[in-house]
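The structure under study is shown first.

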Amino acid sequence: MASSARTAPGQGAQEPPTGQDTAWDAVMAEAGPQTAPEFDPEMPHPIRMWDYMIGGKDNYESDRAAVRHLLKFAPDVMLIARAAEAFAHRAAAWIAQGHGLTQFMQMGTSIPIMNSFDGIVRDQVPDARFVYVTDDPITTAHARAVLAARAPSDHLHVLRAEFRDAENVLALPWLRERLDFDAPMGVLLLGMLDYTADDARLGRALESIVGALAPGSLVVVLQYLDFPDAVVGETVQSLLGENKAEFTPRSQRRIDDLVRGFEFLPPGLVRITSWHPDGEGPGRDLEDRCHIVGGVIVKR
């Protein structure tokens, strides 16, 4: 990124200083009155725990220790994480292939470094434009170092902002200059639904996102279900302390209420192991052990 300077709340993103590397523009911004949370590396973070569970390297000992402790109560957590990762890869590739989309946006808690979504999309659409929107300072820093070299400077961008207040983010001129909201777009809401604690806030965000998109746009969603064993759920929350990332599993009924009125392409909003399985990751035979749902919303 061109600058690590943070704007004042509500001011939006600033343009990069002349002469500096512009591959990532100047993308340290808070949209609206919320500020991006800072995470203590001594406190386990669910995204870094996920990274460890899928074999990544962007995690700390606190995250690894938390996973080892959790495995004593819930041996399926590694399976669930790998199923979710496989779904994310399939869904990103699926919306990029054969739907005529050339621009994409990912909104969520972090930017994946290993098997990045922009790389998966670009395998299908080499000239795709991709914008990440995240509030996590740690993965933003990793992305600056790792991802910037993978695409032309005018094709890959990142915005550090409070993605949970999507209406404010979508109104930023910076974003509007990089994505054409009058043309169809692919949107990946991975690490958003189940990282927004307040149902009303999430409902507003979903309405804002889908409402801002042009017809023909596709939106990937993913949501952890409540843990079948309440003890496991309580253990997860205790490991996360204050849970600044807002990790929030939900019941199927709460999820259905949140997505009511949106149209999902076949097979609908289903257990992720049953969404267009391709032999990669856990399959339908492990559906009962993978407590996550996912699907693709279409904007008509």
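**Entry 1: the largest cavity**

I sorted the lining of the largest cavity by class and found 12 nonpolar, 5 polar and 5 charged residues. Here Ala, Val, Leu, Ile, Met, Phe, Trp, Tyr, Cys and Pro count as nonpolar, Asp, Glu, Lys and Arg as charged, and the others, Gly among them, as polar. The model is predicted: local features need pLDDT of at least 70 and side-chain atom pairs pLDDT 80 or more, while totals for chains, interfaces and linings use all residues. Residues are numbered from 1 along each chain as its sequence is written, and side-chain values use heavy atoms, without hydrogens and water.

A cavity is a set of points on a 1 Å grid over the protein atoms alone where a 1.4 Å probe fits but cannot get out; lining residues have an atom within 4 Å of a point. I noted that Ile47, Trp50, Glu85, Ser110 and Pro112 lie nearest the centre of the largest cavity, among 22 lining residues. Helix H1 (46-53) gives the largest share of this lining, 4 residues; helices are DSSP runs (H or I) of at least four residues, numbered from the N terminus.

**Entry 2: the second largest cavity**

I then turned to the second largest cavity, whose lining has 13 nonpolar, no polar and no charged residues. Met53, Leu70, Tyr224, Val236 and Phe247 lie nearest its centre. H1 again supplies the largest share of the lining, 4 residues.

Lastly I listed a contact (heavy atoms within 4.5 Å). Ala88, His89, Ala92, Ala93 and Ala96 in H3 meet Phe117, Ile120, Val121 and Gln124 in H4. By class, this contact has 7 nonpolar, 2 polar and no charged residues.

Conventions
Helices (H or I, at least four residues) and strands (E, at least two) are DSSP runs, numbered from the N terminus. On a 1 Å grid over the protein atoms alone, a cavity is a set of points where a 1.4 Å probe fits but cannot get out, and a pocket is an open set with protein on both sides within 12 Å along at least five of seven lines; lining residues have an atom within 4 Å of a point.
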